[in-house]
Amino acid sequence: FFSFFFFLINYLKPANNLKVLDACCGAGGKTFILKSFLDSNCHITANDPNPLQIERLKENSNRMNLAPD
């Protein structure tokens, strides 16, 4: 799965002001990787149906100094 994910990032070459929805982000691993490839004007909305995963996402984003909007 990760190899396909990286293929998409390299193939799509994300544009400025891109908006991304990660509807099943889990703890945010792929979300944070994607953020590192995006322009600072891009916005990622990350969510997960599991409240425990959302808590892990918040912890991880704080640890990485990525404040949620």
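Residues 24 or more positions apart account for 65% of the contacts (heavy atoms within 4.5 Å) with a separation of 6 or more in this protein. What you're looking at is a predicted model, where local features need pLDDT of at least 70 and side-chain atom pairs count only at pLDDT 80 or more, while totals for chains, interfaces and linings use all residues. Numbering starts from 1 along each chain as its sequence is written, and side-chain values use heavy atoms, with hydrogens and water left out.

Let's start with the layout. There are three helices and two strands, taken as DSSP runs numbered from the N terminus (helices: H or I, at least four residues; strands: E, at least two). Walk along from the N terminus and the order is α-β-α-β-α.

Now for the inside. Of the 69 residues, 26% count as buried, meaning under 20% relative accessible area, with exposed being over 50% and partly exposed in between (1.4 Å probe, protein chains only). The largest nonpolar core takes in six residues, namely Phe5, Ile9, Leu34, Leu38, Cys42 and Ile44. Such a core is a set of buried Ala, Val, Leu, Ile, Met, Phe, Trp, Tyr and Cys residues joined through side-chain atoms within 4.5 Å. In soluble globular proteins, nonpolar side chains tend to be buried together.

Leu34 is a handy spot to look out from: ignoring its neighbours within four places in sequence, Leu34 touches Phe5, Ile9, Val20 and Ile44. Leu34 is also one of the buried residues of helix H2 (residues 29-37), along with Thr31 and Phe32. These three sit on the same side of H2 because they cover an arc of only 160 degrees around the axis, going by the directions from the helix axis to the C-beta atoms.

Over to the outside. The accessible surface comes to about 5100 Å², and 59% of that belongs to carbon and sulfur atoms; the areas are from the Shrake-Rupley method with a 1.4 Å probe, and for residues only the protein chains shown count as cover. Phe4, Phe7, Leu8 and Tyr11 make up a nonpolar surface patch with about 440 Å² of accessible area together. Patch members have over 30% relative accessible area and no salt bridge, with nonpolar side chains (Val, Leu, Ile, Met, Phe, Trp, Tyr) joined within 5 Å and like charges within 9 Å. Leu8 belongs to helix H1 (residues 2-12) and is partly exposed at 31% relative accessibility.

Finally, the charges. Glu55 and Lys58 pair their side chains in a salt bridge (3.7 Å, N to O), which requires a side-chain nitrogen of Lys or Arg within 4 Å of a carboxyl oxygen of Asp or Glu. Glu55 and Lys58 are about one helical turn apart because they lie three residues from each other in helix H3 (residues 51-63).
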